[in-house]
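Work through the two exercises below with the sequence and the structure at hand, and try each task before reading its solution.

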Amino acid sequence: MNDLSSIWLSVLDNLSSRGCNYLCNILRDFKIDSYDSESRTYTFKVSYFQSVWIDNNGGLEILKDAFVSVLGDSTINLKFEECGDSEEEKPAAWPEVPKKSSGKKPILKEDEKPSLPTSINPDNTFETFIEGQENELACAAAKSIVEELYDRQSSNPLFIYGPSGIGKTHLLHAIANAAYKKYAGVRILYVSGESFTNDYINSLAERKTNEFRDRYRTLNLLLVDDIQFIAGKEQTMEEFFHTFNTLCMRGCKIVLTCDREASAMVLDDRLISRFKQGITADIHPPREVVRAAILKDKAQRRNFSFFPNFKEAFDFITQKITRNVRNLEGALNTLINYVRFRKVNTLNQAQLEEVLGSFVSSDSTSSISIKTVQDEVAKFYKLEIGDLCGKSRTASIAYARQVAMFLCLELTKSTQTAVGQAFGGRDHGTVINARKKVRDTVETDAERRKELEKLRTLLRH
């Protein structure tokens, strides 16, 4: 066995260890034809079909990455030279070469109805999603995923983040519904971060990792809800990293939702950088005008009218339930059932509070106060409250103070001015700078990121 053959076998082993079995099986027929030491170039002799397949499936990037891992040399180059174009050279087991014109799958005919998997809610579409300033970027980006599904040059992934119950899952289902409706034979998988983790654990226990990777890596579109669930799980993060890379190299689209920014999670730095390489869009709780539009839309779909008899109920729901669309819908359903079962024509304030009071309390911000945050942060960093509120500029105390301000803004309803006043009468500009400092720090410092996540967990529980 010569040196080139040994290198090639090592590269194939490297691909296999990464779970790139699909690509590895294709490349086993290849061999390194020559190596030019001056240009540091490894040359392969390939057929026309092999050349086109590699070009259209991102094989060159994955293969070079494997070479770099084996040789420890990032300056090497790979070159593919065509040595024939006979149709007989195409292995029967290989996939058909995609047409280079548009790369798009055939559009469904008008009389064709897509077959939706049970995991996708057919009612969660773009048409039923109420847009507002709080979600317009996320919605526009979600629609672009469908339009550019087969465009390898478009941004990837789409990372949507925001608090629970404000439409992230709806957008994932809307993407799936629109893609199934538009493209024939499209391969889509919608899972939660928890499901991905459990699937991977089960595949290890049952020794079915190849089946797991076939399921997750042979797609046109992967939709993962609540990706934060994989944070801190080393093996799961490693598997998702390679799944992510494989899909991106093949031009497959990925959409992720999360309850926080990517840099705020306890993740491998490689994953954070990849989550941020595409489009990041945040969603905020809806303003009253948007809540009113959502409530009207959902009431109409239930054949219920608030006006004129239940205007007070309409105002009560839109004004009291401010942070969570799921609670908004739950309050509506409870109200409708109460009205129909009790056969009432109107409700007064006392009745509304009795019937819908639980939704108002669950929707409100938790009992976390500035004092609670100060106590927990001081305890965590082994400081006194006076240190956080004092004038010390010692690096460790200053950073702890900034973290406390950051968490006050994130977890309480306090204004920047109120937070500043609670920390020794500082102005709102100091609070803004503190938030920026913490955000910048956790983006580049994994230990600081873990500290912040631990504090979040302590305060929320």
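A salt bridge is a side-chain nitrogen of Lys or Arg within 4 Å of a carboxyl oxygen of Asp or Glu. The model used here is a predicted one.

**Exercise 1.** Find the partner with which E453 forms a salt bridge across distant parts of the chain, and decide whether the two residues are buried or exposed.

*Solution.* Step one is the distance: the closest N and O atoms of E453 and R260 are 2.3 Å apart, and the two residues form a salt bridge. Step two places the partners, since E453 belongs to helix α20 (residues 446-460) while R260 sits in the loop between β7 (253-258) and α10 (269-275), 193 residues apart. Step three turns to accessibility, where buried means under 20% relative accessible area; E453, at 13%, is therefore buried, and R260, with 13%, is buried too. Together, D259, R260, E453 and R456 are linked in a network of salt bridges.

**Exercise 2.** Describe how helix α11 and helix α13 pack, and name the residues that meet.

*Solution.* First, the axes of α11 (residues 288-301) and α13 (residues 325-342) are 10 Å apart and form an angle of about 45 degrees, so the two helices are oblique to each other. Next, the contact brings R291, I294, L295, K298 and A299 of α11 against V325, L328, E329 and L332 of α13. Finally, sorting these contact residues gives 6 nonpolar, no polar and 3 charged.

Terms used:
Residues numbered from 1 in each chain as written. Predicted model: local features only at pLDDT ≥ 70, side-chain atom pairs only at ≥ 80, totals over all residues. Heavy atoms only, no water. Axes fitted to C-alpha atoms, helices over the stretch in contact; angles between N-to-C directions. Helix = DSSP H or I, 4+ residues; strand = E, 2+ residues; numbered from the N terminus. Parallel < 35°, antiparallel > 145°, perpendicular 65-115°, else oblique. Contact = heavy atoms within 4.5 Å. Nonpolar A, V, L, I, M, F, W, Y, C, P; charged D, E, K, R; others polar. Buried < 20%, exposed > 50% of the residue type's maximum accessible area, 1.4 Å probe, protein only.
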